[in-house]
Amino acid sequence: MNKKAWTDFVYLTKRDIKVFYNDRPSFLASLISPFILVLLYVTFLKNVYDDSLLSVLSHFGIDSLPMTLINGFSGGWLMSSIMATTCVTLTFCGNTIVVADKLSGASNDIQAAPVSRNVIYLAYFACNFISTILVALIALILGFGYLAFVGWFLSFLDVFMILLTTILLTLFGSFLASIIMSFLHSQGSITTWSIIVSSVYGFLCGAYMPISSFSNGLANLIYCLPGTYATMALRHYFCHGALEAIETNIAGDIGTEKASAAIVAIQGGFDIQITAFGNKITLQFAFLILGLAIIFMLIAYSLIVFLQGRSAEFKRGKSAKA
Amino acid sequence: MNNIIEVAHLKKSFKSVKAVDDISFIVHEGEFFAFLGLNGAGKSTTINIITGALPKDDGEVKVNGLNIEGDLSKIRANVGIVYQNSTLDRFLSVYDNLRFKAALYGYTGDRFSKRLEEITGQFELSSLLKRPLGKLSGGQRRRVDIARALFHEPKILILDEPTTGLDPQTRQRVWEVIKDEQKKKNLTVFLTTHYMEEAAEAHYVVILDKGKIVAKGTPIDLKERYSHDSLFFYHPDDVVYSLLKRKGLQYSLKNDSLAVPIENSLFARGLMQECPEAFTDFELIKGRMDDVFLNVTGKDMEEGTKNE
């Protein structure tokens, strides 16, 4: 990237981010999805998680656990759900600027300047990624604060890996949103897609309900989606500290072997460890899938931008050759 | 004068609709050029092709000697555009609107600050810089639009119906600013409009109808060719009626006046000399661009606009 292209990129990205954050309705709409999840958690999901956890443990002869452990686990599970959905659904709200610019004519105005089309779309992508990651980080900080208050079991490595997964998942979401939005041209279609993604994605990545509660067909479909593996990774890093503490706590009562078996049962039931198509999914495999999905989408998005640009150039140059 | 825009046999269709149908024209450097036509006549389509926003179907377009197929980036650096509907970011301040657009033309840092001082002084924007666009009046927003289009000191300013929807006072103010800039910097102004009085101020006018050029020339040429002067008699008495009957002149009644189409002012002078007592309360009105447009397209500009 030469100096002119870099300056264009920086200023366009700043402009896009500023427009996104100053557009209060769009910005607030982007927070709806995590807000609903927190609301559901406060009203009834926490009880469901707590009961489910105790129900699994009851099969191993454990009737109660200290509240710090229960809260640490269910809080971690909630946070993994929030981050798994937020990082993707937010990107769709952040990307509405692309279509809004097309509708307002700002897009034509920007393209009337001596600036490369690739730089314009790269700036849109960067804006989407940066604005999403900022909101995601705020959500993460609030979540860490909540966990610190109710029961903190995260190591430094857990926190680091949660941050890394958040960045990768946001990158994945940004590409997904950019690809879909590049084909949309009306306010109606953006709203439709945003609503669909906001309401369905949480289920499709297994964030709202454990995959085991779905039918086999739907569960198999969910296993085919990369978001599922990112959700599993987030669940692992958010919950494994609490699970280790639970294992230590119950080992005294039921013995280490039974305690380990209880933890495996919890991991399976809560999608902290998933088994897709008969194969136990490792964390390495989960990150491999996520990484490959990002690379695939990067290539797909680059191709779309390139082909759309070529198509415009071809139409412009067609008559010159004739 | 050098040719700054050259359009030859330009064609553009949208499915079966011929938006621009084989038009050719030349705009000279420093000229105030007007494109006159109703909505849908093909004005905006032509502008979009000239700026590279739309691909053409056929024909040739050169801007500042450069072909739009090959040198679009260099062309764009020398063109400022004010769109019919403002494209300013309504969630950003005036300052940010200017800053982010100017950067794309290489105006950053000190270069930006220096030019900002000039342009805000010229357009009286200093007190508005921190205000969000949403808080500005229509006229203020238009001023920002034009300031932004001129920020990078382009050779050509394209104005796509810039004063539509503005009150007469604001329209006048906007034109003062544009004409001032044109004189100072030898700026070429390419205007599309459906306001006759704006087109009448241009050096050269092209009238478009259904994608075709139906007339072109200076406003005086066009008026001479397609309109006529009118003699108005207010509160006409029998002397006036008998003069008109004697000379076999057609007339129409308009409120308390008689409108008499005549060839030119010389003919009016003859009438006055022949029968001075008929000329107690009268007015000679020169041919207007409205008449030109009506005669050339067969459409009344105001009715046509309303119908679309």
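A helix axis here is a line fitted to C-alpha atoms over the stretch in contact, and angles run from 0 to 180 degrees between N-to-C directions. Keep that in mind for the first stop in this predicted model.

Start in chain A, with two helices. H3(A) spans residues 32-58, and H12(A) spans residues 256-269. Their axes come within 9 Å and cross at roughly 140°. The crossing is right-handed.

Which residues make this contact? H3(A) brings Ser52(A), Leu53(A), Val56(A) and Leu57(A). H12(A) brings Ala262(A), Ala265(A), Ile266(A) and Gly269(A). By class, six residues are nonpolar and two are polar. No charged residue takes part.

Now move to the place where the chains meet. Here 26 residues of chain A are in contact with 26 residues of chain B. On the chain A side, helices H1 (3-22), H6 (106-111) and H13 (283-321) each supply at least two residues. H1(A) gives the largest share, with eight residues. The classes on this side of chain A are ten nonpolar, eight polar and eight charged residues.

Of the 308 residues in chain B, 42% are buried. Finally, look at contacts in chain B between residues at least 6 apart in sequence: 73% of them join residues at least 24 apart.

Technical notes:
Residues numbered from 1 in each chain as written. Chains lettered and ligands numbered in written order. Predicted model: local features only at pLDDT ≥ 70, side-chain atom pairs only at ≥ 80, totals over all residues. Helix = DSSP H or I, 4+ residues; strand = E, 2+ residues; numbered from the N terminus. Left-handed = near helix turned anticlockwise from the far one by under 90°. Contact = placed C-beta atoms within 7 Å. Nonpolar A, V, L, I, M, F, W, Y, C, P; charged D, E, K, R; others polar. Buried ≥ 20, exposed ≤ 12 C-beta atoms within 10 Å, placed from the backbone.
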